[in-house]
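Thank you all for coming. I would like to take a few minutes to walk through one structure with you, going slowly for anyone who has not seen it before.

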Amino acid sequence: MASNPSVSGQADPARVDFDPVTLAVAGVQRLSPYQPGKPVATLERELGITQAIKLASNENPLGPSPLAVEAGHAALADAHVYPDGNGFELKSRLAERHGVAPEQITLGNGSNEVLELIARTWLAPGRAAVFSAHAFAVYPLVTQAVNAEARVAPALPADHPAQPFGHDLAAMQSRVNADVRVVFVANPNNPTGTWLDTAALEAFVAAMPATTVIVVDEAYFEYVEEASYPDTTQWLDRFPNLIVTRTFSKIQGLAGLRLGYAVSSPGVAELLNRVRQPFNVNAVAQAAGLAALDDAAHVAKSVAINRAGVRQVSEALREMGLRVIPSVGNFVTFDTGRDPGPVYDVMLREGVITRPVENYGLPGHLRVTVSTPEDNDRFLMALKKALA
Ligand SMILES: Cc1ncc(COP(=O)(O)O)c(C=O)c1O
């Protein structure tokens, strides 16, 4: 039988010079992909171990609300039907919660998608985004992917008394000019766990020109208990160029379903709606997210366990003589005082997955997600062994 040239495994001689990299847009050529935390199943497969724990992606150790699980299961029965592309029920519920109109909500496949939609809407070659050093890794990714300039402001110094490595709003503001269409602010920031108070952030937002969209990323909003921590969704009437992003991945424990959203002025939401895919948020995520909003007890329990865990982990690390960045999130980043690679590796062999954050400009540091008292103990024991 004559062989089919298309499946012979031989490259077409006219195509041997095909190089997808040089053909890619410049931003993508330079892009380093996002590095996710190592999944438990991968580590267990690689090392032939069981009972590993992942403290690498700031997930909720309590899992999702049982109400969300039940609603998600029920929604699966209608999996043959496309989801509501407008997310009517979920948007209505979120709008009610934030005291805004449903036209001010944009749903995303995780808040990461919302960040990407923002970049695709306002950034392009010749335009710039400003964000801080050590800020969440997705800001440079979405900026570079559309060939815009990433203008990185230096962060507060390592020895800052309250917010080491935190956002320096004055430095960020000084980098904003007419080319800057987007400013990304993470409050609190990942991986530092540092935060901005109402007075400082409000003054910053008020100082932004009308040519700049300000994104305040509040992925860890629910964990923060500081009295002067702002709810920026309340500022939208005054600042139509403000976008607030939130997620169901953290306190709601729905990271695997990919659900996040933006609250903004209706004009901003209308533009984001133009660039998103028609069915960007699946039906299971919409149903589970809606049900999760009814479970205030699950949120309260998650906050309480996190509060105790942050204290447990931070104090133990300090007792070990390690420098800890004070965190208001559900994770703690600390300086191992050495190359963290071998430390990370020893802990992996103990079945504990953490996150090196060298790629965030924090050499020597590791980030650990705060978990149950037992998991936190396991992490601390593994770390002691690794540092011994
Ligand atoms: C600061 C910050 N923003 C946004 C996200 C994205 O979350 P998701 O896409 O799961 O909503 C994360 C996740 O780690 C984060 O740390």
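Into which domains is the chain divided? Before I answer, please keep in mind that what you see on the screen is a predicted model. The chain falls into domain 1, which is made up of 40-62 together with 297-387, and domain 2, which covers 66-294. If we take the centres of the two domains over their C-alpha atoms, domain 1 and domain 2 lie 25 Å apart. To the contact between them, domain 1 contributes 25 residues and domain 2 contributes 27 residues.

Let me turn to that interface, where domain 1 and domain 2 together bury about 2100 Å², with 61% of this area on carbon and sulfur atoms.

What about charged and polar pairs? Across the interface of domain 1 and domain 2 one salt bridge is found. In the model, the side chains of Glu225 and Arg307 form a salt bridge, with 2.7 Å from N to O. Between the two domains, ten residue pairs are counted in polar contact.

Which elements give two or more residues to the side of domain 1 that touches domain 2? They are helix H12 (296-319) and the strands E9 (323-325), E10 (331-335) and E13 (365-369). Of these, H12 gives the most, with six residues on that side of domain 1.

How values were computed
Residues are numbered from 1 along each chain as its sequence is written. This is a predicted model: local features need pLDDT of at least 70, side-chain atom pairs count only at pLDDT 80 or more; totals for chains, interfaces and linings use all residues. Side-chain values use heavy atoms; hydrogens and water are left out. Domain bounds come from an automatic or database domain assignment. Contact means heavy atoms within 4.5 Å. Buried area is the accessible area (1.4 Å probe) that two parts lose on being put together, summed over both. A salt bridge is a side-chain nitrogen of Lys or Arg within 4 Å of a carboxyl oxygen of Asp or Glu. A polar contact is a pair of N or O atoms within 3.5 Å; within protein, one must be able to donate a hydrogen and the other to accept it, and residues adjacent in sequence count only if both atoms are side-chain atoms. Helices (H or I, at least four residues) and strands (E, at least two) are DSSP runs, numbered from the N terminus.
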